[in-house]
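Please keep the sequence and the model in view while reading.

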Amino acid sequence: VSLSTSKSFQRSPSSAGENETKKYAPLEDFLAAAVIPSDGRTPAGDHKPDTHAGPPTQFGNVTSTRKPPKPEEIEKVVNQSLQSNLLLKIARHIAVASPELRRSCVQVWGHLLKLESPKNHEKVNLAYLMTHPDCMRCLVSCYSIPDCSIHVGVMIRDACKFHDVVQSQMFNSGLIYQLFDVLHSHNFDTQADGFETLKEVLMNHKDVSVRWLLDNFDEFFNRYQELLDVSSGDTQYVTVRQSLKLLGDILLDR
């Protein structure tokens with residue numbers, strides 16, 4: 001799957017979008033098979049894969065199958081995803097991709113972060129994400145765009161499942177404050193997704209978030225107070241309601 005140029009992400013008619021889906025499905029299914037638990041069980045909620053197979057790509061002749069791939073095949077995909085800066089290219093161009101391509105990119109992004117190198121059993125794409133902060137910055141910067149906010153939200157939450165990403169990319173870099181732009185969105189779906197992301201960032205890794213909130217209490221809650229300011233003409237009822245719900249979850253969670 002070649003993501004070497006931004007042209008790969010240009011919007012296309014629906015017929016072309018279907019071709020894009022078929023083109024990216026082989027890598028998507030290959031990665032899904034590669035991250036199946038070592039006991040061979042299919043992840044909960046997983047569904048039968050499509051049977052279409054794409055053409056040969058820079059990742060080799062990847063076929064659309066859920067059979068566990070060979071270690072050398074996984075290693076090849078790992079190396080080529082790093083060499084092609086695949087995560088960064090997805091993050092930079094997800095906002096201008098067609099809906100069909102976005103769906104595949106979301107799946108590829110999530111699988112790559114979980115994929116381990118057969119040689120050292122390390123999540124090398126996760127290490128890449130840690131050393132390339134532009135990946136998360138690009139995602140957060142386009143999170144407020146309604147057309148892609150749901151896809152971007154899934155990608156951010158996939159990355160924030162990892163302790164080091166939350167600490168380094170969201171807290172230490174201050175990216176968490178940019179989420180407030182999403183929380184002020186007048187698009188209901190975008191705003192609701194933003195609250196879900198903020199909740200996961202704050203509550204999935206409490207050992208990190210508690211320390212950060214204590215150190216940044218005034219700045220964070222001053223911004224949070226703006227979400228509850230009903231005197232502002234821009235504050236919507238649904239914003240206040242979701243803000244209070246999240247605040248309650250934070251205060252009552254032990």
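Where in the fold is the place of Arg-157? Arg-157 belongs to helix α7, residues 149–159. The points below start from the whole chain and then return to this helix.

1. Basis of the values. This is a predicted model, in which local features need pLDDT of at least 70 and side-chain atom pairs count only at pLDDT 80 or more, while totals for chains, interfaces and linings use all residues. Residues are numbered from 1 along each chain as its sequence is written, and side-chain values use heavy atoms, with hydrogens and water left out.

2. Overall composition. The protein chain has 13 helices and zero strands; helices (H or I, at least four residues) and strands (E, at least two) are DSSP runs numbered from the N terminus. Of its 254 residues, 47% count as buried, where buried means under 20% relative accessible area, exposed over 50% and partly exposed in between (1.4 Å probe, protein chains only). Among contacts (heavy atoms within 4.5 Å) with a separation of 6 or more, 71% come from residues 24 or more positions apart.

3. Helices α5 and α6. In α5 (residues 124–131), the buried residues include Val-124, Leu-126 and Tyr-128. The buried residues of α5 pack against α2, α3, α4, α6, α7 and α8. In α6, Cys-135, Met-136, Cys-138, Leu-139 and Val-140 are buried, and their cover includes α3, α4, α5, α7 and α8.

4. Arg-157. Is Arg-157 buried or exposed? Arg-157 counts as buried because its relative accessibility is 12%. Leaving aside residues up to four places away in sequence, Arg-157 touches Tyr-143, Asp-193, Glu-196, Thr-197 and Glu-200. The side chains of Arg-157 and Thr-197 make a polar contact of 2.8 Å; the term denotes a pair of N or O atoms within 3.5 Å, where within protein one must be able to donate a hydrogen and the other to accept it, and residues adjacent in sequence count only if both atoms are side-chain atoms. Arg-157 and Val-201 lie 44 residues apart in sequence, with 7.7 Å between their C-alpha atoms.

5. Ser-149. This residue also lies in α7. Ser-149 is buried, with a relative accessible area of 1%. Its side chain joins that of Thr-190 in a polar contact of 2.8 Å. Ser-149 also touches Tyr-143 and Asp-193, residues up to four places away in sequence not being counted.

6. Helices α7 and α10. The axes of α7 and α10 (residues 188–203) come within 9 Å and cross at roughly 5°; axes are lines fitted to C-alpha atoms, for helices over the stretch in contact, and angles run from 0 to 180 degrees between N-to-C directions. The two helices are therefore roughly parallel, a term for angles under 35 degrees.

7. Helices α4 and α7. Here the axes are 10 Å apart and the packing angle is about 0°. Therefore α4 and α7 are also roughly parallel to each other. Residues of α4 including Arg-102, Val-106 and Trp-109 take part in the contact, as do residues of α7 including His-151, Val-154 and Asp-158. The residues of this contact divide into seven nonpolar, two polar and three charged.

Conventions:
Parallel < 35°, antiparallel > 145°, perpendicular 65-115°, else oblique. Nonpolar A, V, L, I, M, F, W, Y, C, P; charged D, E, K, R; others polar.
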